[in-house]
Amino acid sequence: MPVVVYFSHNGETLLDGKHQQVSFGNTEVVAKAIAQVVDGELVQLIPKQAYPVDYQATLARAKQEMKFEQSPEIGSIKHDFQNEDVIYLGYPIWWGALPMVIQTFLQQVDLRGKSVYPFCTHEGSGFGRSFQELQELLPESDVQKGLAVRGSRVTCAQCAVNNWLGKKGEKYVSKR
């Protein structure tokens with residue numbers, strides 16, 4: 001069974017160009033859509049110190065983490081990745097890059113030999129430099145073509161997910 005690993009920020013976010021409060025993050029919406037198509041297990045990455053609800057404060061913290069290469073601690077991951085062939089990895093793009101939470105995850109979990117399908121949410125930068133960062137962080141993994149979804153359009157993402165994965169996810173399921 002494929003696994004969908006994601007980090008998503010909830011609280012205040014940009015939707016349709018306006019700051020709005022949400023109880024779920026944009027990346028979570030895409031992660032759930034992917035899991036539904038591929039019948040995958042969801043694994044949410046939760047930082048031990050939650051990011052602020054305020055969007056600008058979250059971006060400021062993210063910028064600080066990147067500047068000083070601070071990898072925030074994450075809660076324990078109860079999934080065993082050893083028998084997985086396919087990993088979907090989702091995250092928001094902050095400052096054109098991977099959130100440091102994702103780097104923490106990649107330092108803790110061995111994904112050598114796995115096919116990794118990145119997906120992200122953004123507000124105009126697409127994957128930014130995150131795809132290159134993933135290739136550098138996962139030199140012994142097969143980082144595949146990903147899916148970038150504009151966060152302000154995330155509620156309409158199912159069509160993009162279906163096009164990326166094929167209608168029933170037949171393109172990207174486990175090889176076992």
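**Surface, fold and salt bridges of the predicted chain**

In this predicted model, the accessible surface of the chain comes to about 9000 Å², and 47% of that area belongs to carbon and sulfur atoms. Of the 176 residues, 53% count as buried. The charged side chains comprise 18 positive and 19 negative ones, and the centres of the two sets lie 4 Å apart.

The secondary structure consists of five helices and eight strands, which follow one another from the N terminus in the order β-β-β-α-β-α-β-α-β-α-β-β-α. The radius of gyration is 15 Å, close to the 16 Å that the globule rule gives for 176 residues, so the chain is as compact as a globular protein of that length. The C-alpha trace spans about 45 × 35 × 25 Å along its principal axes. Among the contacts with a separation of 6 or more, 78% are accounted for by residues 24 or more positions apart.

Four salt bridges are found in a search of the whole structure. In one of them, Lys48 pairs with Glu73, the closest N and O atoms being 3.5 Å apart. Lys48 lies in the loop between strand 4 (41-44) and helix 2 (55-67), and Glu73 in the loop between helix 2 and strand 5 (86-92), so this pair ties together parts that are 25 residues apart in sequence. Lys48 counts as exposed, at 59% relative accessibility, and Glu73 is likewise exposed, at 54%.

A further salt bridge joins Glu65 to Arg61, with 2.9 Å between the closest N and O atoms; both residues lie in helix 2, four residues apart, or about one turn of the helix. Glu65 is buried, with a relative accessible area of 5%, and Arg61 also counts as buried, at 15%. Asp110 and Arg112 meet in a salt bridge at 2.6 Å, N to O, and Asp110 is partly exposed, with a relative accessible area of 44%.

Definitions and conventions
Residues numbered from 1 in each chain as written. Predicted model: local features only at pLDDT ≥ 70, side-chain atom pairs only at ≥ 80, totals over all residues. Heavy atoms only, no water. Helix = DSSP H or I, 4+ residues; strand = E, 2+ residues; numbered from the N terminus. Rg over C-alpha atoms; globule rule 2.2 N^0.38 Å. Buried < 20%, exposed > 50% of the residue type's maximum accessible area, 1.4 Å probe, protein only. Contact = heavy atoms within 4.5 Å. Areas by Shrake-Rupley, 256 points an atom, 1.4 Å probe, with all protein chains shown as cover. Lys, Arg positive; Asp, Glu negative; His and termini not counted. Charge placed at Lys NZ, Arg CZ, Asp CG, Glu CD. Salt bridge = Lys/Arg side-chain N within 4 Å of Asp/Glu carboxyl O.
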